[in-house]
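My notes follow, in the order in which I looked things up.

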Amino acid sequence: MVETRFKPGDRVKVRKAYPLGHIRTPFYIRGHSGVIERVCGSFGNPEELAQQRSGEPKQPLYRVRFLQKEVWPAYQGNADDALEVEIFQHWLE
Amino acid sequence: MKDNGNYQPYSYFQLMEVSLRELLVEKGIVTETQVSEEVEAMRKRTPAIGAKVVARAWVDDAYRQKLLADGSRACEELGIEVAALKLVVVENTPSTHNVVVCTLCSCYPRMLLGIPPEWYKSRSYRSRTVNEPRAVLAEFGLRVDEKTKIRVHDSTADMRYLVLPMRPAGTEGWSEDRLAAIVTRDCMIGVAVPRLH
């Protein structure tokens, strides 16, 4: 199991990378910064599981909160409208 | 698959389903009975299960707190098996409205709501809900006040989400069954709020 590097409240940035394979990090959120909302636990790495491998070592999974206006420059709505996305630790920096 | 004018009784995906199922049976990986039983089990799960959880949270504040802290465990308390997946319950308040989407596929709390509606899996709902949630909700007939924050939950990995709606005024003293009857599937996805009929 991989050690949990972040805690709720930490500011993180999603890696801006485009590897091939079964990636559970949506394209639209790559490269954006947000705040850890909670630590969800550790789960098999989907990129490994999709290749019929064990998924080990398990990766910590987080819910990260992003501000809509920072993700979409033309966003219309409340300035505090937010988007929460589950992201595995190896996608965060 | 090319349609060259021949009579085609199945759509592409139906044909894929039948071929795969027959192959799995032929190879002895599953039996026809197991497939039927699984289909039956899937059809038995309906939004009434989720509504029961919501109604309990409305009448029992200690249960509500447990549900928000650990959704899976709180469901097990009511005899609902949530399996290995973790349930996150997000609560609507006067200042925050929650809505759930899965932009990558169609992750959905099936153990509580059954089979997802077609629109939940549509490209339009999936792409627009993260980008213009207020416009999408308005199309469902839900106008969220500008002063109310919207939180969109993109169900991208191992968590599943259930929205805990606000209990409407005028339901004081109602039984859990009566309360559960106003909690619709859409209220628990976050594209509607409970209304009194």
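**Entry 1: the domains of chain B.** I began with the spacing of the two domains in chain B: the C-alpha centres of domain 1 and domain 2 lie 31 Å apart. I then looked up the bounds, and the assignment gives 12-43 for domain 1 and 46-189 for domain 2. A reminder to myself: this is a predicted model.

**Entry 2: chain B as a whole.** I counted 11 helices and four strands in chain B. Along the principal axes, the C-alpha atoms of chain B fill a box of roughly 60 × 35 × 30 Å. Chain B has 197 residues, and 34% of them are buried. I also checked the contacts in chain B with a separation of 6 or more, and 68% of them come from residues 24 or more positions apart.

**Entry 3: chain A as a whole.** The C-alpha box of chain A is roughly 45 × 25 × 15 Å along the principal axes. Chain A has 93 residues, of which 31% count as buried. For contacts in chain A between residues at least 6 apart in sequence, I noted that 57% join residues at least 24 apart.

**Entry 4: the sheet.** Which strands form the open sheet, and in what order? I traced six strands as β1(A)-β2(A)-β3(A)-β4(A)-β3(B)-β2(B), with mixed pairing. The edge strands are β1 (11-13) of chain A and β2 of chain B, each of which pairs on one side only. From one strand to the next, I have an average twist of 35°.

**Entry 5: pairings inside chain A.** β1(A) pairs with β2(A) in the antiparallel sense, over three bridges. There I found A:Arg11 opposite A:Val35 of β2(A). β2(A) and β3(A) are also antiparallel, joined over seven bridges. Two positions went into my notes for that pair: A:Val39 faces A:Tyr62 in β3(A), and A:Arg38 has A:Arg63 of β3(A) as its bridge partner.

**Entry 6: where the sheet passes between chains.** Do β4(A) and β3(B) run parallel or antiparallel? They run parallel, and four bridges join β4(A) to β3 (residues 149-154) of chain B.

Entry 7: I then turned to α8(B), which lies across β4 of chain A and β2 and β3 of chain B, running at about 150° to β2(B). Which residues of α8 (residues 123-131) are buried? I listed B:Tyr125, B:Thr129 and B:Val130. Viewed down the axis of α8(B), these buried residues fall within an arc of 110°, so they line one face of the helix. On the face turned away from the buried side I found the exposed residues B:Arg123 and B:Ser124. I also looked up what covers the buried residues of α8(B): the cover includes β4 of chain A, along with β2 (96-101), α7 (118-121), α9 (133-139) and β3 of chain B.

**Entry 8: a loop in chain A.** My last stop was the loop between α1 (46-49) and β3 (59-67) of chain A, which holds A:Pro57. The peptide bond joining A:Glu56 and A:Pro57 is cis, with omega about -5°. A:Gln52 lies in that loop between α1 and β3 of chain A too, and its phi is near 65°, a positive value in a residue other than glycine. Is A:Gln52 buried or exposed? I put it down as exposed, because it has 7 other C-beta atoms within 10 Å, and the cut-off for exposed is 12 or fewer.

Definitions and conventions:
Residues numbered from 1 in each chain as written. Chains lettered and ligands numbered in written order. Predicted model: local features only at pLDDT ≥ 70, side-chain atom pairs only at ≥ 80, totals over all residues. Pairing = 2+ DSSP bridges. Buried ≥ 20, exposed ≤ 12 C-beta atoms within 10 Å, placed from the backbone. Arc of directions from axis to C-beta. Contact = placed C-beta atoms within 7 Å. Domains from an automatic or database assignment. Axes fitted to C-alpha atoms, helices over the stretch in contact; angles between N-to-C directions.
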